[in-house]
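Here is a short report on one protein chain. Keep the sequence and the 3D view side by side as you read.

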Amino acid sequence: MKTICLYFEIHQIIHLRRYRFFDIGTDHYYYDDYENERSISEIAHRSYMPALETLHQMIKENGKFFKVAFSLSGVGIESLEQYAPEVLEKLQEMSETGCVEFLAEPYSHGLSSLGNEQCFKSEVKRQCKKIQEYFNQTPKVLRNSSLIYSDEIGLMTSKMRFKGMLTEGAKHVLGWKSPHYLYHCVLAPSLKLLLRDVTLSDDISLRFNNSDWEGYPLFADNYMDRIASLPDDQQIIGIFMNLSALGMEQPLSSNILEFFKALPACAKSRNISFSTPTEICMKMKSVGPLNVPDTLSWMDEERDVSTWLGNPMQREAFNKLYSIADRVRIVNDPRINQDWDYLQASNNFSAMTTKSSSVGINRGIYSSPFDAFTNYMNILGDFINRVNSRYPEEIDNDELNGLLTTIHNQGKEIEMKEKEMEILLAKSEKLELEVDKLRAKLDEKSIASTSATSRKKTTVSKSKTSK
């Protein structure tokens with residue numbers, strides 16, 4: 001039976017303000033608050049709320065048949081907390097239906113998986129904690145920023161004990177293989193890989209409202225016919241996109257939401273189901289390993305990381321940023337940590353790209369890639385100075401490594417103590433239950449004994465009276 005895995009990404013760009021060279025050392029605030037509030041409010045009004053209302057209604061009308069998955073970056077959640085809390089409230093309502101799964105991803109929606117393993121793991125852990133707090137779910141499947149994946153990243157993900165990971169069904173990786181199967185990481189066979197169907201996903205997210213497209217207009221029944229016509233053994237159809245595609249990239253006037261409303265009925269009539277990523281990873285077996293030695297993503301025609309690291313400016317900014325990753329971790333200052341999250345976000349690097357793209361790059365306040373690079377490096381220069389003022393650059397790497405080792409060992413020791421506490425608490429609860437049972441038995445015996453004594457006295461009393 002074919003099943004659709006429908007997934008939406010929710011992330012919000014943190015817009016940087018114009019930051020001059022002469023601001024370095026005098027002004028440590030880097031953000032355009034007006035644009036940040038305006039943009040998230042607009043997306044919430046035009047896209048997130050109407051799209052989520054529609055998806056929630058689809059769940060109500062179809063019971064447990066219709067299911068959907070979301071991934072929210074930690075930075076995105078922070079923006080929603082501040083400017084559009086109604087979006088989080090709606091997601092919480094949807095979570096209570098049992099038909100919604102929330103995935104893990106890096107907190108910053110950045111490139112830490114390419115820059116610093118410890119930073120990547122820390123980010124994912126923090127985002128998982130945020131998901132647990134809001135939706136009472138512990139993510140079991142990871143979705144890296146922009147579906148970035150490689151064999152090495154898969155190995156890192158497996159070590160974090162995730163069941164599966166989403167990535168791109170890129171032709172140059174798959175070759176003759178189909179994206180409609182479950183695969184596993186070549187370096188960590190326990191990690192399942194769910195692949196995005198590029199064509200079926202982009203037909204909705206990129207081409208739905210394009211009247212020049214040969215598939216225009218796209219109807220739900222025709223769309224499901226294409227899925228139903230796939231070979232019987234190709235059972236997993238991954239349709240992944242940004243939630244903003246519903247309302248922003250594809251305006252509501254295009255009837256995009258009406259198209260989605262019709263999908264469950266069209267799927268059911270063709271014996272096609274909907275499943276969450278974890279359900280697929282738990283129920284289905286991998287058909288084999290997927291070899292991805294070079295990093296891939298869902299961006300541009302190349303499906304690689306050249307959107308963020310394709311030119312010398314981007315690589316210089318990236319290397320400069322992650323050169324202080326360990327120092328930021330040691331400083332562990334709340335304000336510095338927040339700036340670190342925002343400076344890691346992938347859009348900071350995509351604004352510097354010199355590539356031509358069919359999708360188009362929104363550079364915001366920047367007039368050119370060099371303008372974006374200059375502004376970012378000014379901010380990064382001030383940020384590095386702040387970090388070094390707390391942890392001087394003169395301290396050599398050996399001493400730094402020694403401190404990191406100490407911190408790492410302390411972290412492990414704390415984890416062991418926490419596990420020991422959990423075991424002791426579990427034993428304590430078990431003993432308390434046993435004590436309660438014993439007390440209950442003693443109470444029963446006491447009541448029975450009292451009752452027997454009472455009956456005996458009554459019998460004796462009656463006997464004396466009769467005499």
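## Ground rules

Contact means heavy atoms within 4.5 Å. This is a predicted model, where local features need pLDDT of at least 70, side-chain atom pairs count only at pLDDT 80 or more, and totals for chains, interfaces and linings use all residues. Residues are numbered from 1 along each chain as its sequence is written, and side-chain values use heavy atoms, with hydrogens and water left out.

## The whole chain

The chain holds 18 helices and ten strands. Helices (H or I, at least four residues) and strands (E, at least two) are DSSP runs, numbered from the N terminus. The C-alpha atoms fill a box of roughly 115 × 65 × 45 Å, taken along the principal axes.

Of the 467 residues, 51% are buried. Buried means under 20% relative accessible area (1.4 Å probe, protein chains only). The chain exposes about 23200 Å², and carbon and sulfur atoms supply 52% of that area. Among contacts between residues at least 6 apart in sequence, 77% join residues at least 24 apart.

## Leucine 103

Find leucine 103 in the loop between β3 (100-102) and α4 (112-115). Is leucine 103 buried or exposed? Leucine 103 is buried, because its relative accessible area is 0%.

Which residues touch leucine 103, leaving aside its neighbours within four places in sequence? They are Tyr7, Phe70, Ser71, Gln127, Ile131, Pro139, Val141, Arg143, Leu166 and Pro277. Lysine 140 is 37 residues away along the chain, yet its C-alpha atom is separated from that of leucine 103 by 6.9 Å.

## Helix α8

Helix α8 (residues 198-205) is mostly covered. Seven of its eight residues are buried. They are Val198, Leu200, Ser201, Asp202, Asp203, Ile204 and Ser205.

What covers them? The cover includes the strands β5 (164-168), β7 (192-196) and β8 (236-242), along with the helices α9 (220-228) and α10 (256-269).

## Helices α1 and α3

The axes of α1 (residues 33-62) and α3 (residues 85-95) come within 10 Å and cross at roughly 10°. That makes α1 roughly parallel to α3, a label for angles under 35 degrees. Axes are lines fitted to C-alpha atoms, for helices over the stretch in contact, and angles run from 0 to 180 degrees between N-to-C directions.

From α1, the residues in the contact are Ala44, Tyr48, Met49, Leu52, Glu53, Leu55, His56 and Ile59. They meet Glu86, Val87, Lys90, Leu91, Glu93 and Met94 in α3. The residues of this contact divide into nine nonpolar, one polar and four charged. Ala, Val, Leu, Ile, Met, Phe, Trp, Tyr, Cys and Pro count as nonpolar, Asp, Glu, Lys and Arg as charged, and the others, Gly among them, as polar.

Key: Parallel < 35°, antiparallel > 145°, perpendicular 65-115°, else oblique. Buried < 20%, exposed > 50% of the residue type's maximum accessible area, 1.4 Å probe, protein only. Areas by Shrake-Rupley, 256 points an atom, 1.4 Å probe, with all protein chains shown as cover.
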